[in-house]
Amino acid sequence: MLRNEASCFLTDTERTRILTGLQNGEPLVSRFYAALHKRVYERVATKGLLGPGATVAWYYPAAEYLSDAAMLYALEPDEGLANWLRTVTLDIARTSAYDWAGPAFRDHLEPLTGHLETAHLCWALSAVYDLARDVFSESEQAEVRQALTEKGIILCRRWIDKNTHLANWRGILMSGVLVAAAVLNEQELIDQYVSEWQRCALAFQPDGSYGESLQYGNYLAFALMLAYESLSRTYPEKAALLDVGTYGKGIRWVASSMFYAKPLAENGSGFWGTEPRARAANFNDSAALFRPSGDLLLHLAVHAGTDDEKQLARGLFASYYETVPTQGPHELATFGMHNDWGFLTLPLLTHDSKAASPQEVGLPLTTAFSNGHTFMRDAWDGKTIVAINGGGEGLHGPGHLHGDLNSFILVHKRERLLVDPGHSCYRNLIHGLESSTQTHNTCTFLVEAETLGLQEDKAKATMLEQKSVLPRRLLINGVPGPAVDRGNRRLIVAHDEPVSVVGSEIGNACGAPIDTFSRFWLMAGSNVLFVIDRIEASQPVTTVWNWLVNNRDGQAQVDTQPTCLTVRRNEAGMKLFHCGNGKIGHPVYGYVHDAYHVQPNQYGEGKPGSGLLYRWTETAPATTRTVVHAIALDDAITLERWALTVDKNAFTLSNGQKKWTLIVQDDEAHQLSLVSGHGRRWDVLNESGHYSLKRMPDHG
């Protein structure tokens, strides 16, 4: 098949539609064109790739900066822009292969192997060669082609040939090769790497969710998207072999993971500005500041498999991009995981697409995904969200995990009250700690507590935490091996009117001597959440319940009593009652990060005390226990009205107007009952290992 003469990334029709839209004052095209023009010419004014305020090395924003400029040049050629593109691109092309292999912490043994940075440089030069080739002389074009081949494609292929595990890395390196091959018209290489694209897409779960994290799922999908887009205009028959649905169906998971957008308060720096910034469920290595990449959303709005998926993607773009087209920092747009829109947004906006909200497409309020991420909401755009990393299936692309099973994030009135710590620079010493079980809202276990003295020493005991480093999923003769079992099992996910229940079992993830760690979340309306833990061990252990309170801006107002933790953040409040025999300690000053950065000590990295870690520690070891935590959520000013009363196995939360009672019907928590103030009752039943939620008949 001969390649069409059209650009890989911009057809004549798309170009005409963009220019016509500008001429006619079409609002979205005009808004994003103006934003593209502004950020490109700000860079042109710096005379180089990086401006004086850059916080990253040159590899990281190269793909975004050069592709932006190349697209603008293709739409509106300009001599000054041409000179900038030519100078910066040739500087990268002439840089040694040693530098193309990435920064010093990457492997630089001969023969050189490519890394993520290498793939990004392939994307950068490919976009310029495709969209702005005429800024170069013929001999300079040959230089760019040679750099793409000998420093880009060859190095990326070496990594792929050397490694056999399936996760985001393979997809990024594959995309570096395939995008470069497309713009260079390397037919044989394209055919070979179309097959590799299909293999890399198998890293997604069967439902389109992803086993590493929200952040890395976006990164892998972005790479697959870029490779698809490089083929779809000039090699449509080859693009037709690529199943966008493998990751496109994951838009349901992404939409469920999104919380809200609002300004990010901080302590005076003003770095984040006053624009609303998206927040999301950041399990594993993922940032609380998260929105899917804009180009990826528009790609799905055009190419996803179903109308619902297309409309959800377009709706997310409308929610998180259309009102803030100049929101930065753009230097962290893809590699830095602080996602943004890019050079494909304008072409993709010329394709017809319709936006819809999760509510409009019927996305469930209570839902679970194959990777274990599970969500309970009182309503779309309601008051309360419980985001849980619970029971799931085998992981198709494991990596970047935290010890956070049976942990959860609690949101009320657009405030994250209980949080996931997130992560910052990987070379920070604290990264291992912020990945560990003890810094998440779940349980850890002390197995040598009887020899301890001071309260502070308990954290230094032999602490049993979850295993978070799993075997890789390997390709065997090009075929992915079995999915990797993390040791988490879904017990129940159910919803009936105001009541939702989620249950998961993770004893295998904890390992011996823990036999069972089952946790159930029962949510009633907007104000009440019960958390029930059943823990069994083959030898006595001391259980520690960890609760990480969001204090990232110093605004948390916390009060502790022996059995109650009260938290207020702005207008939202939480009272968490401990109904076990644990003793609460003074908070440990933990970390809560806003955003990932490739360098340490940057904006987005939490300071000590940005997370307040409260722990209830059992006063004596035991082999079995069933422990309830009762949580009331309300306006900060009316929170005090909520109280807990306990009568044997009945736990009642009430504020005088609303009342919910949890009844633990047996010690093993095989039957739980939730009773409203009006006497309506729901039972969670375990019948031969199968849990169900049943609304009981009214008697009155």
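Leaving aside neighbours within four places in sequence, methionine 225 is in contact with Tyr247, Asp295, Leu296, His299 and Leu344, where contact means heavy atoms within 4.5 Å. Methionine 225 is found in helix H10 (residues 214–232); helices (H or I, at least four residues) and strands (E, at least two) are DSSP runs, numbered from the N terminus. At 0% relative accessibility, methionine 225 counts as buried, a term for under 20% relative accessible area, with exposed for over 50% and partly exposed in between (1.4 Å probe, protein chains only). The C-alpha atoms of methionine 225 and leucine 296 are separated by 6.5 Å, although these residues are 71 apart along the chain.

The model is predicted: local features need pLDDT of at least 70, side-chain atom pairs count only at pLDDT 80 or more, and totals for chains, interfaces and linings use all residues. Residues are numbered from 1 along each chain as its sequence is written, and side-chain values use heavy atoms, with hydrogens and water left out.

A nonpolar core is a set of buried Ala, Val, Leu, Ile, Met, Phe, Trp, Tyr and Cys residues joined through side-chain atoms within 4.5 Å. The largest has 145 residues, of which Leu85 and Tyr247 touch the most other members. Not counting residues up to four places away in sequence, leucine 85 touches Leu66, Ala69, Ala70, Tyr73, Val128, Ala132 and Phe136. A second, separate core comprises 40 residues, including Leu410, Ala537, Trp547 and Met574.

Two helix pairs can be described next. Packed helices are characterised by the angle between their axes and by the distance between those axes. Axes are lines fitted to C-alpha atoms, for helices over the stretch in contact, and angles run from 0 to 180 degrees between N-to-C directions. Helix H4 (residues 79–93) and helix H7 (residues 138–162) have axes that come within 9 Å and cross at roughly 40 degrees. H4 and H7 are therefore oblique to each other; angles under 35 degrees count as roughly parallel, over 145 as roughly antiparallel, 65 to 115 as roughly perpendicular and the rest as oblique. At their contact, Arg86, Thr89, Leu90 and Ala93 in H4 meet Glu140, Glu143, Val144, Ala147 and Lys151 in H7. The residues of this H4 and H7 contact divide into four nonpolar, one polar and four charged, where Ala, Val, Leu, Ile, Met, Phe, Trp, Tyr, Cys and Pro count as nonpolar, Asp, Glu, Lys and Arg as charged, and the others, Gly among them, as polar.

The axes of helix H1 (residues 12–23) and H2 come within 8 Å and cross at roughly 100 degrees, and H1 and H2 are therefore roughly perpendicular to each other. Ile18, Gly21 and Leu22 in H1 meet Val29, Ser30 and Tyr33 in H2. By class, the contact of H1 with H2 has four nonpolar, two polar and no charged residues.

| Feature | Value | Loop |
|---|---|---|
| Cis peptide bond, glycine 328 to proline 329 | omega near 5 degrees | proline 329 between helix H15 (307–320) and helix H16 (345–349) |
| Cis peptide bond, alanine 512 to proline 513 | omega near 5 degrees | proline 513 between helix H18 (507–510) and strand S14 (514–524) |

Lysine 47 counts as exposed at 68% relative accessibility, and asparagine 477 counts as exposed at 78%.
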